[in-house]
Amino acid sequence: MFRSLRTALFAAFISVIVIGFLVLALLATPLIKSATVNQISAELLKQVALVGQDITDLVMQKVSDTKLQNKVLKVARLTNSRVTIISADGIVLADSGTPFDQVKNLENHGNRPEVVEARDKGQGRSSRFSNTLNKELIYVAVPLKNSGNNIIGYLRFSVNETYAAGIVLKIQKAAVVALVIAVLVALILSMFFSRSFSLPIIRLSQAAKMIAQGQFPITILHHSRFEVGILEQSVEEMSKKLAKSFQKLSNERTQISTIVSSMAEGVLAVDINNKIILANPVIEKIFSVVVPEILTKNVREVIRNNEISDLLVDVLQAGHLVNRELKIILPVERIFLAQASPILTHDGKIQGAVCVLYDVTNLRKLEQYRSEFVANVSHELKTPLTSISGYIETLLDGAVDDKDNTIKFIKKIEKHTRNLTTLINDILEVSHLESKQELGPFQEVDITGLVNRAVESVAGAAKAKDIKIVKCCASEPCLMMGIEEHIYRAVLNLLDNAVNYTSAGGRVEISCARKDNGFEIAVADSGIGIPQEHLDRIFERFYRVDTARSKELGGTGLGLSIVKHVMNIHNGTVIVESHVGQGSKFTLFFPA
Ligand code: ADP
């Protein structure tokens with residue numbers, strides 16, 4: 001209703017003043033008027049008393065009406081009143097307010113209230129409308145008595161009531177002036193009070209605005225007087241407490257967001273309507289999305305994987321933890337274990353759900369790799385064991401009596417047993433390298449010495465096939481950091497293969513050289529070579545280009561797999577170049 005405190009205060013003051021004045025006017029005006037009338041009546045009575053005896057004498061003397069009329073006109077002039085002489089039976093004998101020739105026409109005044117009262121009580125007064133003069137008049141009357149105390153007539157004085165009304169009017173005028181002064185004072189007071197009340201309120205509203213905008217003023221408030229001061233103090237305290245709580249909340253939020261952002265798992269949270277409220281950078285990567293863009297959007301709309309959306313819907317409906325494995329095809333195929341649980345309010349109502357995605361791709365690959373490994377190993381072991389048991393059965397069935405065959409069979413059994421031992425050793429080595437446990441510390445390795453030993457190790461087999469081994473390494477020690485026994489094994493496997501897969505009279509060359517950013521060992525041969533389509537797979541476990549030939553040569557199919565693992569341990573690489581019928585070259589590179 002009122003837009004400002006000043007207007008409201010002013011209106012309140014004015015209302016109080018006006019109501020006060022109205023009440024005063026209503027109550028005081030009749031009182032003042034009656035007091036004035038009383039005062040005038042008393043004055044008139046004094047005048048009546050002064051001329052009463054004269055008039056009594058004249059009436060008693062029964063002077064002519066003209067004399068009486070002249071007397072009343074004279075008295076009326078002197079007293080500035082209307083003077084009337086009335087006979088004992090109410091006939092007007094003389095009246096200063098009526099022309100002489102009309103006095104006898106005046107009606108009987110015996111019943112006039114002031115005359116009745118004067119008759120009964122010795123004096124009478126009245127304030128009423130005069131039909132004779134057609135105006136409000138104040139009357140006083142006294143009886144005129146003879147010596148025998150008998151009433152011989154009445155003397156009546158009257159004045160115009162406008163005199164009393166004039167006094168009331170004067171008082172009313174004074175009251176209006178007082179009212180105007182009071183209104184001005186009210187205006188000044190309301191301005192003063194509104195200022196002293198509204199300033200703290202303005203300050204408070206500014207403070208409240210700042211609080212609403214997230215700024216928390218601590219010292220902008222001044223403490224005023226009255227209750228507003230207490231309010232200001234409370235707002236200031238509230239502001240300080242809010243600032244602290246907000247700081248605490250913001251710290252906690254930062255902590256949570258830092259934790260969630262630095263998690264290796266994908267974290268996705270939704271509200272009760274399956275709309276995203278939180279997602280960490282891992283989710284961005286998995287689903288190729290941008291977090292700020294997907295916030296507040298429905299999971300189904302922005303994440304192109306219905307399984308995750310279904311999972312979250314299921315959790316929101318079920319209200320308990322749900323685990324599910326999800327396969328994500330794009331951008332690359334990955335397997336995730338999704339663990340989703342409901343977000344509950346303190347009174348147990350579901351208000352959303354959070355899903356954590358664990359990347360189990362490697363774990364699943366490892367599991368698959370293990371089961372394949374077990375299957376391969378069983379298969380590899382089965383063949384020599386079947387042969388061995390076959391030879392033993394043949395011997396037991398009587399062949400043992402044939403000395404030549406017995407020796408032949410036992411030699412075969414011995415060969416298979418040797419192969420079996422080699423196979424088992426290789427399997428053990430592969431699993432040892434794969435487990436990456438207790439591989440030993442990196443130490444200085446003299447590559448020249450290591451190459452010399454490996455060449456010596458295959459020298460016999462090479463000589464048997466008339467294969468020439470050429471070394472292109474510096475004669476002085478050539479040092480490199482690594483695990484000697486594994487590097488040796490890798491070089492030996494390469495030399496072994498080179499000799500095995502090179503025909504008689506061929507050539508094997510081993511070179512070692514320091515490069516800018518590491519060390520290189522290369523084994524090249526002039527052997528049978530490897531067809532192009534096999535080059536990608538020869539480092540897989542048990543992979544052979546020609547299984548029969550490999551087995552004949554005592555190969556296990558694990559030699560190059562061991563080489564690959566050794567290079568992985570050293571953060572190095574192995575590269576193969578090969579041309580069928582021309583030879584192969586394996587290059588090991590160890591970074592510095
Ligand atoms: P293996 O015990 O059969 O030699 P490897 O893992 O050492 O197993 O080698 C895998 C396969 O790669 C071999 O079976 C062979 O077919 C091929 N291979 C390896 N080295 C050579 C080479 N120097 N020349 C031709 N083929 C090779």
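A polar contact here is a pair of N or O atoms within 3.5 Å; within protein, one atom must be able to donate a hydrogen and the other to accept it, and residues adjacent in sequence count only if both atoms are side-chain atoms.

View 1. A polar backbone atom of Leu560 lies 2.8 Å from an oxygen atom of the ligand. For Gly559, a backbone N or O atom is 3.2 Å from a ligand oxygen atom. Tyr501 uses its side chain, where an N or O atom is 3.0 Å from an oxygen atom of the ligand. The model is predicted, so local features need pLDDT of at least 70 and side-chain atom pairs count only at pLDDT 80 or more, while totals for chains, interfaces and linings use all residues. Residues are numbered from 1 along each chain as its sequence is written, and side-chain values use heavy atoms, with hydrogens and water left out.

**View 2. The shell around the ligand.** There are 21 residues around the ligand (a heavy atom within 4 Å). Asn497, Asp525, Ser550, Thr556 and Leu560 come nearest. Helix H14 (484–500), helix H16 (559–569) and strand E17 (583–591) each supply at least two shell residues; helices (H or I, at least four residues) and strands (E, at least two) are DSSP runs numbered from the N terminus.

**View 3. The largest pocket.** A pocket is an open set of points on a 1 Å grid over the protein atoms alone, where a 1.4 Å probe fits, with protein on both sides within 12 Å along at least five of seven lines; lining residues have an atom within 4 Å of a point. The ligand sits in the largest pocket (more than half of its atoms lie within 2 Å of the grid points). H14 gives the most to the lining, with 8 residues.
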